[in-house]
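Subject: Structure for your review

Dear colleague,

Please find below the structure that I am handing over to you. My notes on it follow directly after the sequence and coordinates.

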Amino acid sequence: MAKAKAPRRTLDSYTVKHINKTIKAGDCVLMRPADQSKPSYVARIERIEADARGGNVKVHVRWYYRPEESIGGRRQFHGSKEVFLSDHYDVQSADTIEGRCTVHSFKSYTKLDAVGNDDFFCRFEYNSSTGAFNPDRVAVYCKCEMPYNPDDLMVQCEGCSDWFHPACIEMTAEEAKRLDHFFCESCSSEGQKKLQNSHATSRHSDTKVDTKRRRR
């Protein structure tokens, strides 16, 4: 007769002793990879369970994939801290948790004043079997028509409000940072007229082009 499995119980939280951090369902964590040459895996805890005596703690996780782990691989617009929420669920020992991390929404990430080692962002869900993404379309910017990469410096046209990579408008990053005004090729004629009118009424303009800078 087969031995009955020992009953397990769900824990509201658990303190991982080797890092002295308490985790709970919904937290995002870094997990130790089998190959030590690879970066830590990123996962979201779905459930924590232990045996009847509170030992042998396991975490049920939903994995985040890095772009290079996806079927299509890393592309130019993928940020260095970008991860995809996958449909890949797993059960791991709590002992493999290396620390807590934060996976921000894309919008929240772009508003951070500084990005730490444990900060990531997610704007796509990923089907690990088909390689499909949800959403399957995102806004594109610049002449190159690429989705926004928050690692890249971009300048905004005061006419159409589109964002442009300096290299795509034959400009260096340093030149872009020194801009007081910028009008793209399509808006430049109208933009020059606006500037001339504004200079006629004011010697100095308070308006400056916003730049999206690389975060460290």
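Which residue in strand 9 is the bridge partner of V103? In this predicted model, that partner is F120. The pairing belongs to strand 8 and strand 9 (residues 119–122), which run parallel and are joined by four bridges.

Strand 8 (residues 97–105) also pairs with strand 4, here in the antiparallel sense and again over four bridges. Within this pairing, V29 stands opposite R100 of strand 8.

S13 stands opposite K24 of strand 3. Four residues separate the two strands of this hairpin, and N20 takes a positive phi near 55° there.

As to packing, the largest nonpolar core comprises 21 residues, and I23, V29, M31, I48, V59 and I97 have the most contacts inside it. Strand 4 (28–31), strand 5 (41–51) and strand 6 (58–65) each give two or more residues to this core. Apart from it lies another core, of 15 residues, including F164, M171, A176 and F182. Leaving aside residues up to four places away in sequence, M31 touches, among others, V59, V61, W63, T96 and I97.

Regarding confidence, the chain averages a pLDDT of 87, and 84% of the residues score at least 70. Over residues 199–216 the pLDDT is below 50, and this stretch has 38 contacts in the model beyond near neighbours in sequence.

Yours sincerely

Definitions and conventions. Residues numbered from 1 in each chain as written. Predicted model: local features only at pLDDT ≥ 70, side-chain atom pairs only at ≥ 80, totals over all residues. Heavy atoms only, no water. pLDDT = per-residue confidence, 0-100. Contact = heavy atoms within 4.5 Å. Pairing = 2+ DSSP bridges. Core = buried A, V, L, I, M, F, W, Y, C linked by side-chain atoms within 4.5 Å. Buried < 20%, exposed > 50% of the residue type's maximum accessible area, 1.4 Å probe, protein only.
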